[in-house]
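Me: I'm new to this structure and would like a close look at just one part of it. Could you pick a spot and walk me through what surrounds it?

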Amino acid sequence: MHVETFAIDLSENDAPLKLYDYTTSHGFIIDHLVNNAGFGEWTGFLDGTWRRQHEMMQLNMNALAELTYRYGRDMRDAGAGRILNVSSVASMMAGPYMAMYFASKAFVRSLSEAVAYELRGTGVTVTCVCPGPTATGFEKAAKMSGRNFFTMTRPATARQLATYAYHKMLRGRTLAYHSMFTKSGTLAERVLPRCLTRRLAAFMNGGDPKRRG
């Protein structure tokens with residue numbers, strides 16, 4: 001049995017449309033969409049390369065938004081479908097030394113909530129899950145070292161998060177917060193001034209990478 005493979009880099013500008021065209025031209029019916037791809041980088045906003053920042057925006061925000069838009073329209077026309085967008089505890093505050101990543105995850109949460117509301121009664125649901133640190137290799141890809149939120153907490157396993165997110169998607173939940181760490185973040189977002197939450201985020205992110213050597 002021949003199985004055709006299709007690889008694509010979603011950080012490229014035209015990648016979401018290529019993926020959509022591929023699935024539709026091959027007759028695939030997409031009634032469950034999981035937008036999980038994303039990455040971060042441990043650096044001051046002005047110290048990293050713009051190319052890397054742009055790739056992060058394209059993957060974490062633009063690709064997710066376009067795939068939600070294109071497949072969401074098809075699901076709405078069909079009267080059924082589930083969309084799962086993966087955000088983060090980072091969506092709840094500004095994040096010095098990972099500024100673009102935190103901002104991109106706030107975008108994911110806000111967009112998901114709004115689209116979920118607009119799709120009420122259509123048979124299509126949008127679920128946004130906000131995990132805390134998860135053992136996926138994220139911290140290595142982000143070039144994090146020393147003290148950071150991965151070393152200061154106990155990361156969940158990828159299986160634990162996937163199982164949790166899948167069940168919340170099937171139930172049609174709009175927002176889902178995985179782990180006590182993330183639930184603590186929602187409380188901090190509600191009761192603490194933003195001047196304090198961004199200081200906490202800077203501390204949890206390990207401080208300025210340049211000063212850490």
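Reply: Let's start from threonine 125, which sits in strand S3, residues 124-130. Keep in mind that this is a predicted model. Threonine 125 has a relative accessible area of 18%, and because buried means under 20%, this residue counts as buried. Looking past its neighbours within four places in sequence, you'll find threonine 125 in contact with Gly81, Arg82, Ile83, Met169 and Gly172.

Now for the strand around it. Seven of the seven residues of S3 are buried, so the strand is largely enclosed by the rest of the structure. In a regular strand, side chains alternate between the two faces of the sheet. Here, Thr125, Thr127 and Val129 point one way from S3, while Val124, Val126, Cys128 and Cys130 point the other way, and all of them are buried.

What does S3 pair with? One partner is S2, which runs parallel to S3 and is joined to it by six bridges. To get from S2 to S3, the chain passes through helix H3, residues 99-118, in a right-handed β-α-β crossover. Two places to look at in this pairing are glycine 81, whose bridge partner in S3 is valine 124, and valine 86, which stands opposite valine 129 in S3. Strand S2 itself covers residues 81-86, and five of those six residues are buried, so S2 too is largely enclosed by the rest of the structure.

S3 also pairs with strand S6, residues 175-177: three bridges join them, and the two strands run parallel. Valine 129 turns up again here, standing opposite alanine 176 in S6.

Step from S2 to S1 and you meet another parallel pair, joined by four bridges. In this pair, valine 34 has leucine 84 in S2 as its bridge partner. S1, H2 and S2 together make a right-handed β-α-β unit.

Leucine 46 has 76% relative accessibility, so it counts as exposed. Along with Phe45 and Trp50, Leu46 forms a nonpolar patch on the surface, and the three have about 390 Å² of accessible area together.

Terms used
Residues numbered from 1 in each chain as written. Predicted model: local features only at pLDDT ≥ 70, side-chain atom pairs only at ≥ 80, totals over all residues. Heavy atoms only, no water. Buried < 20%, exposed > 50% of the residue type's maximum accessible area, 1.4 Å probe, protein only. Contact = heavy atoms within 4.5 Å. Patch = residues over 30% accessible without salt bridge, like charges linked within 9 Å, V, L, I, M, F, W, Y side chains within 5 Å. Areas by Shrake-Rupley, 256 points an atom, 1.4 Å probe, with all protein chains shown as cover. Salt bridge = Lys/Arg side-chain N within 4 Å of Asp/Glu carboxyl O. Pairing = 2+ DSSP bridges. Right-handed = clockwise from strand over helix to strand, strands pointing away.
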